[in-house]
Structures are given as C-alpha cells and as structure tokens.
Amino acid sequence: MGGPAAERAFVALGSNLGDRAAQLDAARAALASLPATRLAAASRVEETPPLGGMAQPPYLNQMVLLETRLGPRELLEACQAIERASGRVRTEHWGARTLDLDIVRYGRRHVAEPGLIIPHPELPNRDFWLRELAELESMSADPRPLTVPDLLAMKATGRPIVMLTCYDAAFARLLEQADVDVLLVGDSLNQVLAGRDSTLSATLDQMIYHAASVRRGSSRTLVFVDLPFLTYQVSVPEAIRNAGRVLQESGAHGVKLEGGRPMAETVRALVDRGIPVLGHLGLTPQSVHALGGYRVQGRDQATADRLFADAEALEEAGACGIVLELLPAALARRISAALTIPTIGIGAGPGCDGQVLVLHDMLGLNQGFNPKFLKRYAELGEAVRTAVRAYASEVREGSYPGPQHSFD
Ligand code: KIV
C-alpha cells in the first residue's frame, strides 16, 4: 500500500450464530479487501461464554490488526456493512449475532463521537480482547516512534499521555513493551537509586549516563531528561550547552526544567535551538527548601494565580508540555483547559492531559513512601524479598545449584 502512512486499527470479530468459524473467515476476507487497507495480522480464535447474562450460545472471538488509510468513521461504516452482509440484524443489545465487529483501537487516536468511541470503552472489561490485543502487539509492535509533535496531537484529540520515570535499559525495554508513551529520566533518580533525601545533588553526568541507558533500552518511546539543579538557572548559554549535551550524549528527545515565568527566557532559547522542553510547575522538588517541604501548592488564590500565569508563560515560550506536581485537582484542570500544550499530572488529579508516576513507587519498590496520590500497581518489593529469601535458603541448604544448573 503506497501513499501516506496508514494507521493501525485493531478490530474485534465475534460470532455466536450459524457457522461461527465461517462467519469469522468471511469477515476477515471482507476486511482484507477494504480499499486502502491491509490485514496485517490475526490473533488466535477463542471461544468465550456470552456476555450480558442472556441465554445464548458461546462466541467465537478473534482480533485482527489492519493497516488502513480509511478514517475511523469510514472504517466503522465499512464494518457495519460487513455485519449487514453477514445477515446480522441488530436486535437486543447483548443478544446473539451472526457477526459483531468492534473497532477496539485506531492508531493513537482517541475518538468520542456519536456511535463511535475509541479506544472501545469495553476494552478494559473484556479479558479475551486484552489477550488478543497483547498477542497482536507482541507479533507486530507499532513501528512508528512517538514524536514531540504527537504529544500536541494527543492533547488535541483527547488521548491521555502515559508517562513513567525510568532510569535504566532493562526497565525501558519493559515499559516500551507495555506501551508507555514517554519515559522521564527524572532527577528523582538521586533519591530512588542513589538514596539521597532530595534531587538537589544530581549531576548532569549522572543524568546523561542514565538517559543513555534508557535510550539503549527503547526505540519507539519518547525520552525526556530532567536538567538537574544549577545546570540551567545560572545563565541561558549554560542552559543551552547543558541541555545540548543531554541530547547529544544520551540520544534523548528533550529536557525538563522546573520553574515558571523566571525560566521563560531559557525555555524560549532552548526551543529556538531545536531542544524540546517540558516545564514543571507546582511542587518543584529542586526548590524544596524554599517551599518548606513536599506539600501541595496553589491552595491559596495568590499562588494559584501565579501558577496559572506561569503555565501560560511556559506555553508562550514554546514548551511542549508541563508537568504539574501536587496541585489541587480543580486548579490543574483549569490550567489544562486553558492551554493548548498538554499537562502531565502527578498528584494533580484527573483533569490533566496525562499522568506520570515514579516507577519504583508505583511498582511497590519504595515501600515507605505512601502519599495520597500514589497508587501501587504491583508489590514488587515483596516479590523481591520472597525470591531472594528462597535463593538464600537454597544456597544455605545446598539445593542450589543442582545438576541441571551445573556443567559436565
Ligand atoms: O524527577 C522526577 O521523577 C520528576 C517526576 C516526579 C515528575 O520530576
């Protein structure tokens, strides 16, 4: 298929009436012969019980990956035509059907139009869709790297930006496989990895070392790097040289720096030299002593107004996004609504255009740290202790290494 780049669309196929396997075969063939469309991959077919509690036969399900230049609405209409051709008549919402086609995902787009919501709102609730999607993604990862302009497009189309901190190649590989949009080599590494009590003593060389590792572990994910304390505040030329070093020596795509209006001239200078910049407002950890601790900012009107003006100044200076840390949810929502660049919140509520967490915190590897905003998605600290205890006891009792781990 020539011409402009096609989008990757994941379409779920389901049938529980008549010759179910033949219906899926016919649907795949019909999808493959749509104009400007290529059927790139198909998942395994699996049988699942009907949803919705109505008495009806089990379903055969499958998901396909299309590369298509049809828009989401055109693809929906094509799917509906294929359903009609299969003899499907729409009756009860959860009732039996010869063929059901659902667009589960369409590129990185977020669509909310009458009759068309993408990603499909039922995706998180259908285990079999999640399995099929993972299978297709493992067969053919999206080859197109995310770019800085994509961040602005994601804001424009309402698709939330998923960011996590990352400090090494091993985690970078895993986070990319899990479809994270942006990896932030945060100066939080000074606390998380180096065991310090603030970010203040992080150095530029340390950031470049970790950023280069993250870039070696990822190929499609955007990588931003924190400029550490005193590497950008002293003068604009120093900021340009240091940010330039980060991009040149690590291969990262952009830098993040803390502060609002006082930093606007620096942001403009970096952006004018082709260095993408993320801002950072609210609780700015490099100013922890001036702020009097790690606490929510902008609760009083004067500070809220100042933060709002700071956000506008960063956008005006050319920042491609702003991290909002520890802000009241209403203020973060108001700032996000006023800007055309995305906001990425941490402890700033659901009204931001994306979210970021410190990886080790959300994986349960930093167990003493339990702020209200943090959700732990795993308890890896416990998993590590259990694994290491098992290893230690096997070594002590002499059962590891066994013959299967030894060479003749
Ligand atoms: O350094 C860092 O990890 C950060 C995040 C908390 C946003 O700046």
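Student: How many nonpolar, polar and charged residues make up the shell around the ligand?

Tutor: By class, the shell has four nonpolar, four polar and four charged residues, where Ala, Val, Leu, Ile, Met, Phe, Trp, Tyr, Cys and Pro count as nonpolar, Asp, Glu, Lys and Arg as charged, and the others, Gly among them, as polar. This is a predicted model, in which local features need pLDDT of at least 70 and side-chain atom pairs count only at pLDDT 80 or more, while totals for chains, interfaces and linings use all residues. Residues are numbered from 1 along each chain as its sequence is written, and side-chain values use heavy atoms, with hydrogens and water left out.

Student: Why is the pairing of R105 and D179 called a salt bridge?

Tutor: The term requires a side-chain nitrogen of Lys or Arg within 4 Å of a carboxyl oxygen of Asp or Glu; the side chains of R105 and D179 meet at 3.6 Å, N to O, and therefore the pair qualifies. Between domain 1 and domain 2 the count is one salt bridge.

Student: Where do domain 1 and domain 2 lie in the chain?

Tutor: Domain 1 spans 7-139 and domain 2 spans 148-362, with bounds that come from an automatic or database domain assignment.
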